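User: I've got a structure to look at and I'm new to this. Can you walk me through how to read its surface and its inside?

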Amino acid sequence: MKLNFILIFDLIYFLGFLTLFLGDTNQKFFRNDAIGFGVLFFLVYFLYTVKSKRHSFYSYFHLLFVILLSNYVFFKLAEYDPIQLLPEKLAIKLMMVFWNIFILHQHHYFSEIDFKKFGSILAIIPCFVTSNFITFPVIPIGIALGLCFRNHNLKDSNLSLQWIVFFGFLIFWFLRDWSDDFAINRVILFSEVALLYLFLRNSHQKIKLKLIDSVLILFFLNSLILVSKMFLDSEFRVDTYKEDLYLIPVSLIGSNAFLILALTVISFRQNNNIRNAFYLMVLFFASLLLLLSVSRISIISVCFFVIYYVWSQRKSRLTRLFYGIFAFAFSFFIIYIGYTEKSFLSIGTLGIRLSIWKLHILTTFNDAIFTGFGFHSEKVIPFASLNEFPFYDFALVKEYIIHFNTYPLAHNLYFQILSATGILGFSLFVIWITSLFFHNIRNFQKTSKRSRLVFLILLIWLIHESMDFSSLEIANVFILCLLFVDLGNIGEKTNLENRNYMRLLVSSCTVLFFLTLFLFSLRFSYIEQLTFRFHKNIQLSTFYEFKPSSEFQDQSIQDKINLNTGDYEVQFFGERYFFLKHTLAYRTKFELNQFNQCFQHISRKELCYANLLSYIERLDDKNKVKYKSAIQILLASTDPFGIYSKDFL
């Protein structure tokens with residue numbers, strides 16, 4: 001009976017995934033290729049191995065699910081990829097084919113039990129490594145977590161009450177940021193990585209090393225394609241100042257290169273020359289991207305790490321070689337900096353960051369001192385109280401907003417957490433970091449050499465994040481998870497008397513947390529599907545969320561979707577859903593009613609005023625100028641930086 005229930009559950013879960021895969025998209029041909037390649041590779045593998053009777057029917061079913069999930073990830077990359085490194089998205093297709101073969105190889109050589117536990121994680125690693133372009137990866141990650149959850153026994157997890165408090169904290173922020181999809185995206189991503197950590201911490205070391213190797217393989221392929229694009233691009237110049245590299249922010253490239261370098265160094269293994277040769281190639285490409293980014297804080301972080309690593313190898317025969325390589329690399333870097341337009345000692349960007357930090361601190365203490373503005377605080381802060389904000393800092397922040405056409409991110413982990421979660425959340429974060437630090441210091445002499453190195457990497461990362469905010473970037477967060485796994489079980493002691501109680505408590509809270517996560521993912525997925533369904537009628541906008549793609553909307557939209565948005569829909573689906581429906585209702589009879597709903601249910605009144613101003617400008621009314629002046633006054637009172645005053649949009 002139990003087996004039948006499990007099979008029914010798996011079948012429903014798989015059909016639900018296929019429904020999502022076959023939903024609305026702007027890449028129908030790529031989706032067909034993704035499904036076709038996945039099924040083809042699976043059938044070839046099935047016919048090749050079925051006679052050996054090594055794998056059960058459920059194992060093959062699980063493999064098919066993992067293969068299609070992997071191709072779904074690449075399909076999502078294709079949907080959001082604006083770069084086109086190769087024509088017809090060939091780069092993504094080639095990586096998809098390679099990764100299908102890689103997953104089949106892992107299924108063939110690993111035991112059925114091991115593959116059930118970590119196979120779905122292999123499917124979503126492209127999310128974390130090649131997802132510089134994917135906006136919302138939480139959906140495929142959530143699907144993979146469901147497969148992990150299905151094949152892990154969480155009752156064996158040795159967790160403390162701190163994890164229960166942590167889960168409660170995240171659920172609170174789900175409810176706190178309910179209306180903001182981008183904020184929820186950050187919270188869900190953080191939650192999903194926390195669950196991955198729980199799955200991995202009790203896994204065999206072989207599985208952890210395999211996942212690290214998988215990350216490095218995909219990073220190598222992604223870097224190879226990116227570097228090839230540079231050589232093929234006649235307009236690319238190594239020595240020019242870059243704010244982004246083919247639409248990828250250089251700060252993200254620099255921080256990711258640092259973590260990849262550190263992860264590669266701790267992965268070197270004795271008596272495995274072929275694998276170590278691959279690690280050397282990864283180090284080369286990571287170093288190249290680090291130099292191209294000219295990210296000063298990332299380069300300094302790498303220097304700290306290399307100095308410690310060389311010092312820790314002082315008793316080795318290779319000490320002189322390490323010192324020689326480091327001296328050469330450092331000299332090359334100094335020469336390279338001299339030929340670039342970005343000065344290493346320039347303090348111009350530091351001044352702008354200081355002004356943004358002041359903005360985050362002052363507005364948080366004035367307007368949201370206890371709980372903060374949420375996990376997308378940079379979107380709310382420019383419209384908060386600025387009574388005590390100095391004019392010089394105001395000018396610098398406005399210049400930043402105009403130049404980068406984005407909201408003022410703090411570029412600092414600690415100020416970002418303060419503005420996001422307020423004093424309460426920031427205090428919990430400081431307590432957690434402090435307890436983690438002293439816990440590892442107390443057990444430092446008991447730990448292995450690898451664990452000490454991981455501890456140092458995380459300490460350097462905390463310094464790195466004083467000038468950046470990359471911890472929740474999709475390209476970094478999974479690598480940090482893999483590093484934390486090495487420290488997870490150091491010095492832990494279990495009270496056997498309370499173990500049964502803790503098993504029940506942990507299992508119950510984890511199930512509740514997973515169900516909450518699943519429901520939020522369903523909501524998020526629905527909005528994403530709706531966005532792709534009408535992608536020809538709308539265009540994404542940083543400040544407006546959505547804009548009509550043409551002056552006159554296609555009247556057939558009203559036949560495809562109900563534009564009369566109910567109040568309950570606005571409250572349940574959030575602000576992004578509302579502005580999507582509002583854009584689709586452009587120049588229809590539903591537009592006026594939605595203005596009323598905007599002022600009733602949407603917290604960002606400045607955006608309501610901006611949309612109303614745009615509507616008034618389209619009116620053919622003799623009192624149009626009076627209406628416009630009144631709205632402009634109200635808009636100015638809620639928009640001190642003039643973001644919606646049309647002076648730089």
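User: Which residues form a positive surface patch?

Analyst: Here, K28, R533, K536 and K560 make one up. Patch members have over 30% relative accessible area and no salt bridge; like charges are joined within 9 Å, nonpolar side chains (Val, Leu, Ile, Met, Phe, Trp, Tyr) within 5 Å. A salt bridge means a Lys or Arg side-chain nitrogen within 4 Å of an Asp or Glu carboxyl oxygen. By the way, this is a predicted model: local features need pLDDT of at least 70, side-chain atom pairs count only at pLDDT 80 or more, and totals for chains, interfaces and linings use all residues. Residues are numbered from 1 along each chain as its sequence is written, and side-chain values use heavy atoms, leaving out hydrogens and water.

User: Is K536 buried or exposed?

Analyst: Buried means under 20% relative accessible area, exposed over 50%, partly exposed in between (1.4 Å probe, protein chains only). K536 has 68%, so K536 is exposed. You'll find K536 in the loop between α20 (496-533) and β3 (538-541).

User: Which residues form a nonpolar patch?

Analyst: That's F365, I369, F370 and L424, together showing about 390 Å² of accessible area. F365 sits in helix α14 (residues 348-367), and counts as partly exposed because its relative accessibility is 41%.

User: And where is A262?

Analyst: A262 belongs to helix α10 (residues 250-265). With a relative accessible area of 0%, A262 is buried. A262 and L458 are 196 residues apart in sequence, yet 9.9 Å apart in space, C-alpha to C-alpha.

Definitions and conventions
Areas by Shrake-Rupley, 256 points an atom, 1.4 Å probe, with all protein chains shown as cover. Lys, Arg positive; Asp, Glu negative; His and termini not counted. Charge placed at Lys NZ, Arg CZ, Asp CG, Glu CD. Helix = DSSP H or I, 4+ residues; strand = E, 2+ residues; numbered from the N terminus.
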